[in-house]
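These are my notebook entries on one chain. I set down what I looked up, entry by entry.

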Amino acid sequence: MPPTVFGLAPLQGIADPFMRTHLSALGGMSWCVAGFVRVTASDLPDSYLLRFCPELRTGSLTRAGVPVQVQLLGSDAERMAHTAARLVGLGAGGVDLNFGCPVRRVNGHGGGAALLRNAGAIERIVAAVRRALPSRIQVSAKLRLGWDSPDAAVDIARAAESGGASCVALHGRTRTQGYDGVADWARIGMVRQHLRIPVIANGDLRTPEDVEACRRASGCDRFLVGRGAIERPETFRVLAGLEACFWSWPRRAAFVAGCAEERLADGQPPEKVAGLLKGWLVAMGRVEPAARELFRAHRRAESVDELVGALRTDAALVATHASGSTPATPGVRTATATTTASMSGKESGRWNSPS
Ligand SMILES: Cc1cc2nc3c(=O)[nH]c(=O)nc-3n(C[C@H](O)[C@H](O)[C@H](O)COP(=O)(O)O)c2cc1C
């Protein structure tokens, strides 16, 4: 059986360079995808691209040595190809193409999930990007099952394959579904059977039990994990078998406090760090009552010190905690809409819209 590998899904505004550094340092993550660079008629300056993905300067690897792909969002094949070539010139080791973003404004411009209605356009974009890059550079496509029905999922994925994609990542929902309901892993498996290139399963993978069920339903051995990794930062360690159990709240609180302190030490504005922390607490609160409680008690905090202090207080409980970790319990696959609402920042106003 091929080895099972786990990648961090692109999470625009959440999995920023700091988050990628922190999560990849924990281990268990084989690659990660940075959020998207929007491709328009005018070139973004190199300085923007390097700020967006500083890993470009270090061989497209995080500090822990985990490969990072940059994602492109747009609908003009030649502009996408041009931007991909520029990114590779700056050091990108792989380029991912976004065909799944459900945001209305993006779709209104013909980008993201809007392309799911036009398999020919997907093929043309992938082919143009493929032609523009050296063969050693991986080009992947991130897809949903379709626009409003999964019926064309095979055609869409085949279009990416015909264009020359090295692999496709497939979120098991349509654009119309957004984040409602549950990801259809069996449908991902149907698509996989019609493709020669690897298919990476995505959607609602939070626990080893989820991964096992998805593997059985889809036949996939590569998995892309998004929200689960923010809810429980140690997720990749647990999925990869480096850890038998999810962490206790005190241990997680210590990790999160440390991440915030690193941001502050790097000179990030305290109010920005406070906003990110609140967003993270909301996301973690989905699976951890103590995170919910901490957020409720400090939701009006204006000072980041108050939040970090509260996290450090919770972290200090670790000494009195029996095992320091909790069993890897199955996730609640029906609550995804709530999670997305949390992570899109209704509470904190800091997290960007999900794509
Ligand atoms: C806040 C947020 C931001 C996202 N940003 C992107 C993005 O930039 N590009 C993309 O292809 N998908 C993006 N997604 C979708 C995720 O990569 C992933 O496909 C989706 O969340 C399902 O996986 P999960 O259930 O493991 O979270 C985003 C999702 C969320 C919730």
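This is a predicted model: local features need pLDDT of at least 70, side-chain atom pairs count only at pLDDT 80 or more; totals for chains, interfaces and linings use all residues.

I then looked up the partners of E7 on either side. Strand E6 is joined to E7 by four bridges, and the two run parallel. Leu170 has Ala201 in E7 as its bridge partner. Strand E8 (residues 222-225) is joined to E7 (residues 199-202) by two bridges, again in parallel. Here Ala201 has Phe223 in E8 as its bridge partner. To reach E8 from E7, the chain passes through helix H8 (residues 208-218), and I recorded this β-α-β crossover as right-handed. E6, helix H7 and E7 likewise form a β-α-β unit that is right-handed.

**Entry on the barrel.** Which strands make up the closed barrel? I found eight, in the order E1-E2-E3-E4-E5-E6-E7-E8, with parallel pairing. On average, neighbouring strands of this sheet are turned by 30 degrees against each other, direction ignored.

I checked how E1 and E8 are joined. Strand E1 (residues 5-8) and strand E8 run parallel and share four bridges. Val5 has Arg222 in E8 as its bridge partner.

**Entry on E2, E3 and helix H3.** Strand E2 (residues 31-38) pairs with strand E3 (residues 68-73) in the parallel sense, over five bridges. I noted Phe36 opposite Gln71 in E3. Helix H3 (residues 77-90) packs on the sheet and touches E2, E3 and strand E4 (94-99). The direction of H3 makes about 155 degrees with that of E3.

Within H3 I picked out Arg79. Is Arg79 buried, exposed or partly exposed? I counted it as partly exposed, because it has 18 C-beta neighbours inside 10 Å, and a buried residue needs 20 or more. Not counting residues up to four places away in sequence, Arg79 touches Val39, Ala41 and Gly74. I also looked up Ala128, which lies 49 residues from Arg79 along the chain; their C-alpha atoms are separated by 9.1 Å.

Strand E5 is mostly covered, with eight of its nine residues buried. E5 pairs with E4 in the parallel sense over six bridges, and Phe99 has Leu143 in E5 as its bridge partner. Six bridges also join E5 to E6, which run parallel. There, Ala141 has Val168 in E6 as its bridge partner.

E5, H6 and E6 make a β-α-β unit, and I recorded this unit as right-handed. Helix H6 (residues 153-163) is mostly covered, as eight of its eleven residues are buried. Among the buried residues of H6 are Arg158 and Glu161. I asked what covers the buried residues of H6. The cover includes helix H5 (119-132), strand E5 (138-146), strand E6 (167-174) and helix H7 (185-193). Just after H6, I found Gly164 with a positive phi of about 110 degrees.

**Entry on the nonpolar core.** In soluble globular proteins, nonpolar side chains tend to be buried together. I looked up the largest nonpolar core of this chain and found 108 residues in it. The residues with the most contacts inside this core are Ala84, Val95, Ile122, Val129, Val168, Leu170 and Phe223. Helix H12 (residues 270-285) gives the largest share, nine residues.

Leaving aside neighbours within four places in sequence, Val95 is in contact with Gln69, Val70, Leu72, Ala84, Leu87, Val129, Leu133, Ile137 and Val139.

**Entry on the whole chain.** I closed with the totals. The chain has 15 helices and ten strands. Of its 355 residues, 53% count as buried. Among contacts between residues at least 6 apart in sequence, 72% join residues at least 24 apart.

How values were computed:
Residues are numbered from 1 along each chain as its sequence is written. Two strands pair if DSSP finds at least two bridges between them. A crossover is right-handed if, with the strands pointing away from the viewer, the path from the first strand over the helix to the second runs clockwise. A nonpolar core is a set of buried Ala, Val, Leu, Ile, Met, Phe, Trp, Tyr and Cys residues joined through C-beta atoms within 7 Å. A residue is buried if 20 or more other C-beta atoms lie within 10 Å of its own, exposed if 12 or fewer, and partly exposed in between; C-beta atoms are placed from the backbone. Two residues are in contact if their C-beta atoms, placed from the backbone, lie within 7 Å. Axes are lines fitted to C-alpha atoms, for helices over the stretch in contact, and angles run from 0 to 180 degrees between N-to-C directions.
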